[in-house]
Structures are given as C-alpha cells and as structure tokens.
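Have the model open and follow each step.

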Amino acid sequence: MDRHISVLLREGTEGLAIKEGATVFEGTVGLGGHSRVLCEKIGKPGFFIGTDADQESLSIAEERLKDLPCKKLFFCDNFRNIDSVLAKAGVEKVDAILLDIGLSNRQLEVTPRGFSFMRDEPLLMTFRSSGDGLTAREIVNEWAEDSIADIIYGYGEERFARRIARGIVEARKEKPIETSGQLAEIIKKSVTARRFSKINPTTKTFQALRIAVNDELGALREGLRKGFAHLAPQGRMAVISFHSLEDRIVKEFFRQQAMDGNATIATKKPIVPSDVEIKENPKSRSAKLRIIIKN
Ligand SMILES: C[S@@+](CC[C@H](N)C(=O)[O-])C[C@H]1O[C@@H](n2cnc3c(N)ncnc32)[C@H](O)[C@@H]1O
C-alpha cells in the first residue's frame with residue numbers, strides 16, 4: 001500500500017497563505033500529499049523544493065507530482081540540512097516552509113524496516129532507505145543497559161523503561177536481537193505487570209528507539225533554526241507534530257522567536273484534526289499544527 005493519508009492537509013497548506021509564484025520548501029515530502037497542494041497553490045511560476053530522508057518515498061512522490069507545472073527540485077536529505085539544500089537549489093530565502101514530521105503509513109506498513117511491533121522485520125527503524133548509519137539493532141545489542149533505559153524513558157516516556165532495558169540486556173546474552181518481532185516479545189515479557197494499560201506495551205519503546213535512531217528531536221531543533229533563518233519577511237513556517245516532545249520543541253522555538261520580536265505566532269493554540277478527520281484517519285488524533293510568521 002503506497003498510500004499515506006495526509007494529516008491536517010487543508011489546515012497545514014492554507015495556513016501557509018501561499019501566493020502564486022511563491023518559493024516553498026517542504027522538508028518531509030513523504031508520498032507527496034501536502035506537496036501536491038503546495039505545488040497547485042504556487043502554480044506554474046512557483047518553485048517547490050522538497051526533501052525526505054527516504055529515497056523510496058521521494059521517488060514515488062516525484063513521479064506523482066510530475067503533472068504539476070511549477071519548477072520542482074527533490075533532494076534525498078535530512079531537513080536539518082535545509083541550508084545546504086537551498087544552496088544547491090540556488091535559493092537564499094523561501095516564502096513558506098512545511099514540516100510534517102514523523103513517519104508515513106508506507107514506512108510503518110510496507111517498508112521492511114522494523115517500525116511496527118505487529119510484524120517481524122529486520123530491526124532498523126531508519127527513515128533512510130539506505131542501510132548506513134545507526135540502527136535500532138545496534139542500540140539494543142550494543143548499548144549499555146543504562147543508555148537504553150534513558151532512551152526508552154526520555155523519548156518514550158515509558159515508566160517501565162528500566163525493566164525493559166534489563167529484559168533487553170538479559171535476552172541479548174542468549175542471542176542477538178535481530179527483528180522487531182523478537183524485540184516486541186522481550187518487551188511484553190518484561191512488562192507483564194502492565195495489565196490495565198490501553199496501549200500496546202511495546203508502543204512507547206518502539207517510538208523511543210525510532211526517535212533515537214533518526215535523532216528526530218535534534219533534527220527538528222536544527223531544522224527549525226536553520227529554516228527560520230531562510231524564511232523571507234512575512235514568510236510562514238508550519239509544523240505538524242505527533243507527540244508531546246516534538247510539539248514542546250516547536251512551541252518553545254516559536255515562543256522564543258516571538259519574544260525576541262522576530263516573528264508573530266499565527267496559532268495561539270495548536271490546530272488539531274477535526275472529529276471527522278480523526279474518524280476517517282484515527283492515526284491523526286495526536287497531530288498538532290503550529291504556524292509562525294516571520295516579521
Ligand atoms: C508524516 S510523513 C509525511 C507525509 C507527507 N506530508 C504526505 O502528505 O504524504 C513524514 C515523512 O518525513 C520524513 N522525515 C521525517 N523526519 C525527517 C527528517 N529529519 N528529514 C527528512 N525527512 C524526514 C519521513 O521519511 C516521512 O517520509
């Protein structure tokens with residue numbers, strides 16, 4: 001299923017107040033759902049520059065957006081490198097930036113990279129489709145117990161973090177932990193006491209590992225800072241995030257820019273999906289959209 005239901009599609013794209021002929025940067029092209037609307041808005045005289053860390057998704061999006069007449073450039077890169085990407089595109093300032101962070105349904109459900117505890121796949125958890133760099137396999141098999149526990153607690157807000165880290169370290173003494181299925185079993189065994197929780201006992205640990213592998217919070221901080229520096233006056237930046245750690249970073253960054261007199265916050269409270277959207281796409285329920293306008 002090469003499909004991703006774009007979250008807050010209308011709110012995210014309309015909130016950028018894009019005019020025909022604008023230059024737009026989207027850091028998280030994914031399967032191109034938001035990109036399509038952005039390209040339609042800028043029209044033939046516009047310039048769209050898009051990045052995604054995942055080459056497979058980017059290639060699908062590029063093909064899907066072929067019919068749109070604006071100038072388009074795609075880069076398989078982390079949006080934290082927006083400065084070098086814009087330099088390659090020959091652009092100094094952009095009128096709008098969109099970041100729709102996290103992972104796509106395709107990555108969760110199709111790519112065999114171990115994102116889902118529902119399937120047994122190699123334990124990679126990388127947004128990148130290439131095999132280099134840190135993987136979840138390396139973290140669970142090679143990192144010290146305390147470091148694993150810190151990640152699970154810090155990025156997963158999992159209160160059984162120490163117990164799960166202990167379980168992982170015990171299990172790897174028997175044999176290496178190679179797959180998502182193996183890891184899910186280890187986590188379940190480590191937290192058998194959690195009988196009354198509504199969420200799957202593995203959810204928070206999987207989220208934590210994914211955040212660590214991709215340095216998602218570091219990338220967000222760097223992307224916000226560099227992106228804002230490349231916004232034109234009156235340019236807008238919109239960020240859609242999916243959990244509280246990310247939203248806090250966005251909220252704090254926007255607040256600081258406003259306090260320093262550099263920007264005006266367009267969303268005093270974050271915009272969240274409507275009941276209708278949540279009914280149609282339950283995965284959207286945790287999304288929060290914040291928008292800032294550069295002075
Ligand atoms: C929620 S999906 C985007 C969906 C897209 N807006 C759409 O409508 O199809 C998030 C995408 O961002 C990418 N991504 C996440 N963090 C990234 C980063 N720091 N740099 C580049 N791409 C990133 C993921 O690979 C994934 O394809």
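The charged end of K71 lies over the ring of F47, 4.3 Å from the ring centre. A charge counts as over a ring if NZ of Lys or CZ of Arg is within 6 Å of the ring centre and within 35 degrees of the ring normal. This is a predicted model, where local features need pLDDT of at least 70, side-chain atom pairs count only at pLDDT 80 or more, and totals for chains, interfaces and linings use all residues. Residues are numbered from 1 along each chain as its sequence is written, and side-chain values use heavy atoms, with hydrogens and water left out.

**Exercise 1.** Classify the ring pair of F228 and F253.

*Solution.* Step 1: recall the rule. Rings of Phe, Tyr and Trp (its six-membered ring) pair if their centres lie within 6.5 Å; planes under 30 degrees apart are stacked, over 60 edge-to-face, and the rest tilted.
Step 1: apply the rule. The centres of F228 and F253 are 6.0 Å apart and the planes stand at 80°, so this pair is edge-to-face.
Step 2: look around. Ring pairs join F228, F253 and F254 into a cluster, and K294 lies over the face of F228, 4.9 Å from the ring centre.
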